[in-house]
Structures are given as structure tokens and as C-alpha cells.
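Here is a short briefing for a first look. Please keep the structure open while you read.

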There are 2 protein chains.
Amino acid sequence: MRNYSYVLPFLLCSLLVQAQWSPLEQVRSYRQSNEHLILQEFFAFLSIPNVATDSATIGRNAVYLSQLMKSRGITHISFLKADDPKAPPVVFGEIKVPGATKTIIFYAHYDGQPVNKQLWMPGLDPFTPQLVNGNRLEGASIIPLAEKNTISPEWRIYARGASDDKGGVMAVLTAYEALAYAKLPLKCNIKFFFEGEEEQGSPHLSQILEKNKELLSSDLWIICDGPVHQSGLKQVVFGARGDAHLTLKVYGPKSPLHSGHYGNWAPNPVMSLATLLSSMKDSSGRVTIRDFYKDVIPLTDVEKKAIASAPPMDETLKKKLGLPREEMKGVSLMEAINLPSLNINGIESSNVGTIQANVIPVSATAVIDLRLVLGNDWKRQQQKVIDHIVAKGFHVVDHEPTDEERNLFEKLIRVTRGEGDNAQRTSMDWPLAKTVVAALQQISQQPVLQIPTLGGSLPLDVLSRVLHAKTLIVPIANADNNQHAENENIMISNFRDGIDMLAALMLMKL
Amino acid sequence: MRNYSYVLPFLLCSLLVQAQWSPLEQVRSYRQSNEHLILQEFFAFLSIPNVATDSATIGRNAVYLSQLMKSRGITHISFLKADDPKAPPVVFGEIKVPGATKTIIFYAHYDGQPVNKQLWMPGLDPFTPQLVNGNRLEGASIIPLAEKNTISPEWRIYARGASDDKGGVMAVLTAYEALAYAKLPLKCNIKFFFEGEEEQGSPHLSQILEKNKELLSSDLWIICDGPVHQSGLKQVVFGARGDAHLTLKVYGPKSPLHSGHYGNWAPNPVMSLATLLSSMKDSSGRVTIRDFYKDVIPLTDVEKKAIASAPPMDETLKKKLGLPREEMKGVSLMEAINLPSLNINGIESSNVGTIQANVIPVSATAVIDLRLVLGNDWKRQQQKVIDHIVAKGFHVVDHEPTDEERNLFEKLIRVTRGEGDNAQRTSMDWPLAKTVVAALQQISQQPVLQIPTLGGSLPLDVLSRVLHAKTLIVPIANADNNQHAENENIMISNFRDGIDMLAALMLMKL
């Protein structure tokens, strides 16, 4: 068990009155009294780089996480591994409750998106967590050490994974820690399932699930990932979009050429790629790729009603983000994330800025992110894009082109298919969902929203296919958390709320 | 004077027979006997980073260069400075020849294009010159130290500036060194003019010329920059294209957004920029911007004939560069560089490759390089592009947009105008040109080509406007020198030839 001797002075007072408090008041008191220690462990966890493709450092995360679990009295801790020794393990643990017949699995992931350190706010490093007094956009600054004694709910922790999703992991563990400390009786068995390659598209998850079907039996998966609603309201989300990637690489001359001596004569790969990308959407922002929207299963009336009942945030968001309009005129955010999307994640060719040079580049590369809704199949969705590229006259290869291929094909492109998964959604009529919403409603003055689909993706489809798992998403992060990008952050108030929410869910009787 | 004591053993033999040799044979003998020492100084020069915007290191280049000149007995060495103390100086020097009535100025530049070290061949660094046995494309490798004793003419020196244009500076200085050593009589005064910000568009050159009109009086400028013809033939080039840049930056959300939660709803700046760029050329590779080709002064019959007489290299080059076709169907390289061009030097938004992330980027930036021919005006050419952007519905600003501007304009773009200069061309009928060609013909078995225009740019227009200077370009570098890009190099045989060519020009009687 964790050594609590450090915090005794803080706790003495609260211990005396604890017996008269409700379970959730006891949880709140515990996390208030111990906040510095909780953040200390959270910061140490955030300091370990967690890009899943770096197998050395991702392994250190798994080990540290298992130690955090052990110190909280979680039992049956194990690493669930894929055949590939480099694949990050799932860190598993459980609490068996005598007499309990139902089981809840709490899911979060400890890996994060890749980082480009140069883009982070000056003074910030993705793996050196810092407390900052606000949001970057509003001229925030790092809190001086001397002022950290009283932590404001408005402050934010900046680090890769702060919100997505080490914040989720820490909220789950802290919620359990508080319950265990107060010796509050649980009514369901609890399992902990912390994935280590969600941001890579969970390529080994299916195999790990297949190997551990019995260990992972449950009645409900709570997926702790993603942001709360942009209005700040808590939400239970019934599904998530699927996701698939394509990397497109177009070729220019084999050596970079002087743009004076050869400009006008050697074809420029950026122009070719720009023209191709441009052909994928029309001026109204809709994807022009054939059948792109064809296999979408429409929302049910219940789902449409749920969407309509969420507070409309479009105008507030547009103002905050400096966007004069939405991409598809008249289509709201809630409607948009219930359609398949095509987004350009990034593009690169040669250089711009201080190291720009007068060249005709050797290649140009863009990464396309396809989000999918129910009815889409991720491989079919990728194929639609590839078919479009072929229809535009390109010869598609899956490798660096040979001299012969360069010679033969005027329009040549390398397309690399990334991993993907399909969308998944639990029926909004499912009775257990009402239990979950009710549990969260206990600690919220305002209504808890019920939303059919999260715009982001989670490996819900594979959980459903392999384990027939029933999943509900309970996000805790602030909506403006810069997830996936530079200056990722979680607001202190969201982290605190998250602990309370997860404790409430652990106390549920299903 | 330079201390020649090191090389005495090498020279003893040649000294005995020298008296019977022609002047150019004596030059050749000198550079053969001293090649290791010449390269030693060349390598030391290449080791000083030379991006003109880095005022600290560019100044070290100027100082080292002035020392090289002093050690060769060049007199009246001075730094010709602009008012801005950060502007790199022109390093000037001269040799006054008793009785001479004509003056030749030798121009080269000691600054280089910016570098992206990561793109260089493994083991190479732009500012650590290396001898490599061939061209990168053909699987070259760095020469082991033990094998450097006998230097092969096919080897190449890799470094930023090796060909563009420290190679030119060193060839000029070594040619003079050889003439001085052999005490060969000059018939013209010689001035040396080494510029330090040519790759930045020579923003202070006009001011420096204005201040030093008398000092810079001359009958002929020999511009030693650029590559020889792709066929390997030596060439005298009568002019160069002008150049102007535009940087285009398009905006997305103020914070980077998760491409799942907001993909389809927040407009993507890459798509907007791609569509704009794509609108600038048609499928036949011609620029679609209104009046883009309108003010071009057509080539004269003499110029057309000169172009036609150059060996056609298009098919050989396309094969070597892996290009299935030229950009404008049926337009040869020689024809293409006599038209204004629009090239995308680079594009960037967010990331691709190992650090790609699932985001909607905050902005997308592209750099456009416009090359100009006679008749074009560089500011007018920039304006044509800007007018095109406006015609495509964009609101153009010259600063980071304010919140109000973001809110007001659905299509918003920041356009930054770079420095520029116009094309310039000396008449192909100019009698002195014949003297120059004849001087070069002395040391060439094959015909010396006469070409109206170099594809690249040089500050010829400002020389003509301020000084009424008459200029001829005499390039020495190999055509496949990767000028401006990673793995820039000069072939040993071209550097050797260059020394001989410049010595022949210094010996001319005008």
C-alpha cells in the first residue's frame, strides 16, 4: 500500500469528521488534502516520454504505471503483451470485490501523440510538465515556484499526455486511491486496462484481447479519454468515429534542382500534390471523392434528439478559434462529426522560413486523416481515396519508385496506408447507460449530456468485435486541451472533477 | 606575400623548364604542384558557415577572405560597407598595372543559401567540407584519408558554397596567385569584388555601388558564378533571369485542433493553400496568372540562333533526374529559362513522417520563387500574383492577422514580398565578348558556347543601373552541383578548369 505518513498532518482534521460525510465528500476531501502529492506523481509520470513507437521509453511508462498501481493496493497486476516484443503492453490490474457479480473495466491509455518540440510555447517542453496560469491564447505564463502553494482551479498542466491520456490514467488511479483510503465499499469488481499504443491506431490490441478474453470479461467498459463538451458540461458519449490514414508522396527530380536554372522546366512536386489535394473537396467544403458519404448509416431519431439537446457552441468556438466560418456552410459541429471526414494533418516539401532555399524539391508529402462513422469500413474508405487518385491520372505505388516507374508514369504517387479502425456506437437505449449518467449526475449541478458520437477515435470497434464489450466514454479533459498538438494541457478543475467522476462510477451498483 | 617555402621541393623541377612554357602552361603547373595547399585553404574557407543573415559568421568569412587576398599580394583591400552595420561587406581589392588603360572586375560571392543539415547525405555536414568519389546519385562515398594523396578529377568537394560561390572566389584568387608567382605580365588593371549577400537578393548592393562609383569604374565585369553547360562545355553567358519571392501564409484555427473532434468543421489551411497554388498553373504547366507572360521582350534572332546552337541536353537530363517529362510539354530547357517562371520552393504545415499528429493545423505556408526575363519588372511580377490571389477571393494582409480580420474575411492570406531584381542581358554583338570567348577558347579543345541567359539570377541589373557596368558571366561549376540544396558540390576537374579559365581572362588585352 502507498505510504501515507507524509500526509498525516493534512489528514488529521478531516479524519475526525469523515465518518459523517457522504462517500463522494470523502473522495473530495482526500484529493484536496493530498493534491500536491497526487500532482507530484502525475508530473513524474508525464516526465517519461510516451510516444509508442519509441519502445525503450514507452516501456518505462508501463513499469512506472505498474508501480503506481501496486502502491495503491491494486492486485493481479500484469503486462498483457502482443507477440511482437516491441509492442507496448497493456498494463492490467484488478480489484475483486467479495460477493460482486458485475464487473466494470476502466480504460485509459498511457501513450501520447508524437511531438514537435519546436512548436511548443517558449519555456515549455512536452516532457517537462509545467503549471501555467491559463490558456496559451490568453497570454499565459509559467507559475513561479513560490506561488504554487495554493493551486488555482483555472491553472493548467502543460505536457504531452496531460489530457490525452495520462490525465485519464491518473484520474482513474486517484479515484481508486481515495476510495481505498476511505475504505468505501465497492459493489462491482473493478478492472484496470491501460493501453500503450492507442495513438498509433492500436495495431496489437486485437491480438492482446484475443489472448485474454476471460481475464477481460466485464459488463461495462468505461473509456476515460477525450474532452468534456465545449460548453464545459460533463458528457457520456456512446460511440466514437473510426480513423484511417494515408500518406501521399509525389516526386520531383531525383536531385533537388536550382529553381533558376530549371524552374519552368522540371515539374514541381508541390504543385502536383496541391492540385491533387485540391480536387478532394469542393468550394463548399464537401468531399468530392466518389461515394465518400454513401455507406453512412443515418442517425436514429433518439440520436438526433440527443444532438439537438446539447448546447450549441459553434459561434462561441468560432470566435475563440478565430474562424470566420465552419468548413461546410450551415453544417454544425455536432452534425459535422457525425459524417466521415477528410483532413490534411500536415504537408511538407523542402523548407520555408529562415532555411528556405531556391529549389525545385525532390518530393512533397501530405498526411491525410480519414474519420469514419457507422457504416464506413476503414479499408474501403482508404480505397475510395486511392480510387480518386487513380481517376486523377496517377499511377499509385506502395514503395519508393524505381527508375523504370519514374520513366513510365507522368503522374506517379506513393500511397502508404496507415492502420485504422471503424466507428462504433452503443445504443442510446441501453439501460446501464442510465445508471452511468445517474452516477455522474450526483456530482454535477448541471445536466450531464448524452451524446451519440465523439469526433475523435477510440478502439471501440475492436473491443466490440473481439470481446462483445459494451463501452461508454466518460471524458474529463477541458475541450481546449490542445490534444494531439503542441501545448497539450489539462485544466486543474477538470482533473479534480475527473477524479470525482471516476470515483462515482467505481461506486456504482450495476 | 604568401609564404611559398612549403612547396619549394614540388616546384624545383618545374621552375627549370618554366621559361619555355606558355603563360597558361605555367598557371597549370603552379596549380598542379600546389593543389593540396590550395584545397587546404579552400576547405578552411568552406568551414566558416556563410548564410548572410547570420551576421556573426558571415563577418568571419569576410575577414578570412581579406587575409587570403593579402597573402596573395592583392592591394587596396577594403570592406565596402552599407549603412546597416549588419549587412555583409563587399570585400574589395585591386592590382594596378603600370600603363594599363583598361580594367576588368572579377565578381564572385562568398555567402551561400541557407541549409537544412538533416537533408544532407549521411556523414556530410554543410560546413565540414569532404572529398567524395562521385555524385550522390551514383552511390558515392567519402574518400578515406589515406587515399587522398592523388586527387582524382572526378572527385567532388561537398560543402555549402563549394560551387555557389566560394568555389568561384577561390578560383579567382588561385588564378591570380598563379600569375603572380610566375610573374606573368598583366595588360589590364584587375579589381576583385566579392559580395556577401547575393543569396539574399543583394539588398544593400545598390547602396554600396552608389557609394563607390569611382572605385568600381571598369570596362568589363566577369561574373564567376553558376554552372557550365549541362553538356560539360564551357560557356559565356550574356545575362541572367531576375528573381523575386513571395511567402504565402494561410490561416486555420488559432489553436491546433484535434482532427477527430473538429475534422469536417474547422476549415483546414492546407486545403485552402493547395487550392490557391493549384489555380496558378494549368495542366500543361503554363502559369494561368493574368498577363504573366505579357511584358516579355522576345529573344532576338541572334539570341535564338545561339540557343539553337547549344547541344540539346533535355533527354539526357530527364533520364538522369528521373523526370518523365518537362513541365510545359514541348518546351525545351533552353526555351523555358527564357520565360518567366513560377516555382514553389517549399511548403510546410504541421508535420509529416514520424512526428505527424492528428491535427487541423493553425497555418500553412508556401514560398514562391518568380524568375523574370527581360521586360518583366520584379515588383510588377509580384503584383500579378497578388492580384491573382485577390481574384480568387482572398483578403491579403502583410502582417499576422488581427482577431477582427480573422472574423471579417472568410479567405485570409498573409503575403510577404521578398527582395528582388530584374533580368539583365548584355548584347551578344558586344565586341569585348569576342575577346572573352577567344581567351577561353585557348584552353578548351571544344567550342565555348555563347548563351543569352542563365536560368539563375545575379545582381546584373543593379550593376547596370548604378554603374552602367557591362557584365559577362563565366561559370565554372559542374551542372549537377546541387546548388542551393543539400549536398552542394564542385567537381575537382571543374575547379581546376576554373582556375585556368580565370587566369586566361586576367591575361586578356581588351
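**Briefing: salt bridges, a helix and the interface**

K234(B) is buried, with a relative accessible area of 10%. Its salt-bridge partner is D497(B), at 3.1 Å from N to O. This is a predicted model.

**Salt bridges in chain A**

- Over all chains, the whole structure holds 52 salt bridges.
- E177(A) and R72(A) form one of them, with their closest N and O atoms 2.8 Å apart.
- That pair links distant parts of the chain: E177(A) is in helix α5, while R72(A) is in the loop between α4 (55-71) and β1 (75-80), 105 residues apart.
- E177(A) is buried, at 1% relative accessibility.
- R72(A) is also buried, at 1%.
- D125(A) and K117(A) form another salt bridge, with 3.6 Å between the closest N and O atoms.
- Here D125(A) is partly exposed, with a relative accessible area of 23%.
- K117(A) is partly exposed too, at 48%.
- R28(A), R31(A) and D500(A) are joined in a network of salt bridges.

**Helix α5 of chain A**

- This helix covers residues 166-181, which makes 16 residues.
- From first C-alpha to last, α5(A) reaches 22 Å, close to the 22 Å expected at 1.5 Å a residue.
- Most of α5(A) is covered, with 15 of its 16 residues buried.
- E177(A), described above, sits in this helix.
- K183(A) follows α5(A) and has a positive phi, near 50 degrees.

**A loop residue in chain A**

- I297(A) is in the loop between α8 (269-278) and α9 (301-309) of chain A.
- I297(A) is partly exposed, with a relative accessible area of 49%.
- Leaving aside residues up to four places away in sequence, I297(A) touches L374(A) and G375(A).
- The C-alpha atoms of I297(A) and L374(A) are 5.6 Å apart, although 77 residues separate the two along the chain.

**How the two chains relate**

- Chain B superposes on chain A by a rotation of 180 degrees, with 0.0 Å of shift along the axis and an RMSD of 0.1 Å.
- That is the relation of a two-fold axis.
- Both copies use the same surface: 100% of the contact residues of chain B recur in chain A.

**What the interface contains**

- Contact involves 97 residues of chain B and 97 residues of chain A.
- About 8300 Å² is buried between the chains, and carbon and sulfur atoms give 56% of that area.
- H261(B), N264(B) and W265(B) supply 11% of the area that chain B buries against chain A, more than any other three residues.
- Four salt bridges run between chain B and chain A.
- One salt bridge joins the side chains of E410(A) and K329(B), at 3.5 Å from N to O.
- Between the chains, 55 residue pairs are in polar contact.
- Strand β11 (residues 341-349) gives the most to the side of chain B that touches chain A, with nine residues.

Notes
Residues are numbered from 1 along each chain as its sequence is written. Chains are lettered from A and ligands numbered from 1 in the order in which they are written. This is a predicted model: local features need pLDDT of at least 70, side-chain atom pairs count only at pLDDT 80 or more; totals for chains, interfaces and linings use all residues. Side-chain values use heavy atoms; hydrogens and water are left out. Helices (H or I, at least four residues) and strands (E, at least two) are DSSP runs, numbered from the N terminus. The expected span of a helix is 1.5 Å times one less than its number of residues. Buried means under 20% relative accessible area, exposed over 50%, partly exposed in between (1.4 Å probe, protein chains only). Copies are superposed by least squares on the C-alpha atoms of residues with pLDDT of at least 70 in both. Contact means heavy atoms within 4.5 Å. Buried area is the accessible area (1.4 Å probe) that two parts lose on being put together, summed over both. A polar contact is a pair of N or O atoms within 3.5 Å; within protein, one must be able to donate a hydrogen and the other to accept it, and residues adjacent in sequence count only if both atoms are side-chain atoms.
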